[in-house]
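Here is a protein model to examine.

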Amino acid sequence: MSRDHRVFPKRAALVHRSLALLLTLVACIPIVLVFESVPALLLAPVIGGVYYLVSTRRYRRRARIAARPFPSPWRDVLLRRVPFYRGLGEVDRPRFELDVALFLSEQRIIGDHGATVDDETRVLIAASAAMLAFGMPEWEWDDLRDIVVYPRAFDDGYRQSHDAQIAGMVHHQGPILLSQRDVKLGFAKQDGHNVALHELAHVMDFADGRADGIPADIDWVATAPWIELVSNRLERVRRAGKYRALRSYAGTNEAELFAVAVEAFFERPAALKERDPDLYAALADYFNQDPAG
Ligand SMILES: [Zn+2]
């Protein structure tokens, strides 16, 4: 996948070009009826063209961002804090950087409860998104959700109390809440806990309108095996016993199972592959990546 493909994804290009052409053709009918002249038909491609220019301005904005050099303080954060980025070759790093730059230009990340969101946190959140979508050129992050950053973990009343345990949260349609401290901790160790990956995995799950552990945009032939896999692993995590591939929080429900599995897939891929090769293979297929390879 090239950088160009990310700037203007093939599917989006096809959709917008087809709609512009269709609009041009459809516009001919009222133009002929109203103006009763053939030269007036030249208006039709103008209408189609205007539609195309308006509907694709997001991609021209992306092209301008892609043309700018990637800020070196952001690259320093990636090098210091993101093992996934360090593991990429010279060809893939610019593509990852572009994903980070596009995410930061299109998503609103705001501090709350006194948090001043520093650049490191912003880059780490964007890097999490870039990791998830790295093998998925057509994936588009919904930019309607705000990403709200709290200084530390919060409780179920969204308070920063001493015994607060919640490092992140995302509602079906609402904002993504993240604890700044925990976003950073998530990248400090490769221990299967990474709150930014976890919450963004929920966003992928919820993108089809359901919190069912079945991520959006999945190939339809893979849907039935996914449903079976998720319900089977949910049962195995709940039974505990010898199943150690995922931490126990995965047993909460289908959505948490998927989010915890995604953390394990990116943070400890070799261990997940060894302990549950089928789950690893399903995730590798969906994300179109093989982090253990
Ligand atoms: Zn969760």
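Predicted model: local features only at pLDDT ≥ 70, side-chain atom pairs only at ≥ 80, totals over all residues.

Residues are numbered from 1 along each chain as its sequence is written, and side-chain values use heavy atoms, with hydrogens and water left out.

Q: How many cavities of 30 Å³ or more does a search of the whole structure find, and what makes a set of points a cavity?
A: The search finds two. A cavity is a set of points on a 1 Å grid over the protein atoms alone where a 1.4 Å probe fits but cannot get out.

Q: How do you know where the largest cavity lies relative to domain 1 (3-67) and domain 2 (72-197)?
A: Both domains give residues to its lining, so the largest cavity lies between them. The domain bounds come from an automatic or database domain assignment. Lining residues have an atom within 4 Å of a point; there are 14, and Arg6, Asp99, Leu102, Trp139 and Trp141 lie nearest the centre. Helix 7 supplies the largest share, four residues; helices are DSSP runs of H or I with at least four residues.

Q: Which residues line the second largest cavity?
A: They are Phe103, Gln107, Trp141, Asp142, Arg145, Ile147, Ile176, Leu200 and Val203.

Q: What makes a set of residues a nonpolar core?
A: Its members are buried Ala, Val, Leu, Ile, Met, Phe, Trp, Tyr and Cys residues joined through side-chain atoms within 4.5 Å, where buried means under 20% relative accessible area with a 1.4 Å probe and protein chains only. The largest such core has 80 residues, and Trp141 is among those that touch the most other members. Helix 12 (residues 254-267) gives the largest share of this core, ten residues.

Q: Why is His113 called partly exposed, and why is Asn288 called exposed?
A: Exposed means over 50%, and partly exposed lies between that and the 20% limit. At 38% relative accessibility, His113 therefore counts as partly exposed; at 53%, Asn288 counts as exposed.

Q: What is the phi of His113 and of Asn288?
A: Phi of His113 is near 55 degrees, and that of Asn288 is about 55 degrees. Both values are positive in residues that are not glycine. Most residues other than glycine have a negative phi.

Definitions and conventions. 1 Å grid on protein atoms, 1.4 Å probe; cavity = no way out; pocket = protein on both sides within 12 Å on 5 of 7 lines; lining within 4 Å. Points joined across faces, edges and corners; volume = space filled by probe spheres on them. Helix = DSSP H or I, 4+ residues; strand = E, 2+ residues; numbered from the N terminus.
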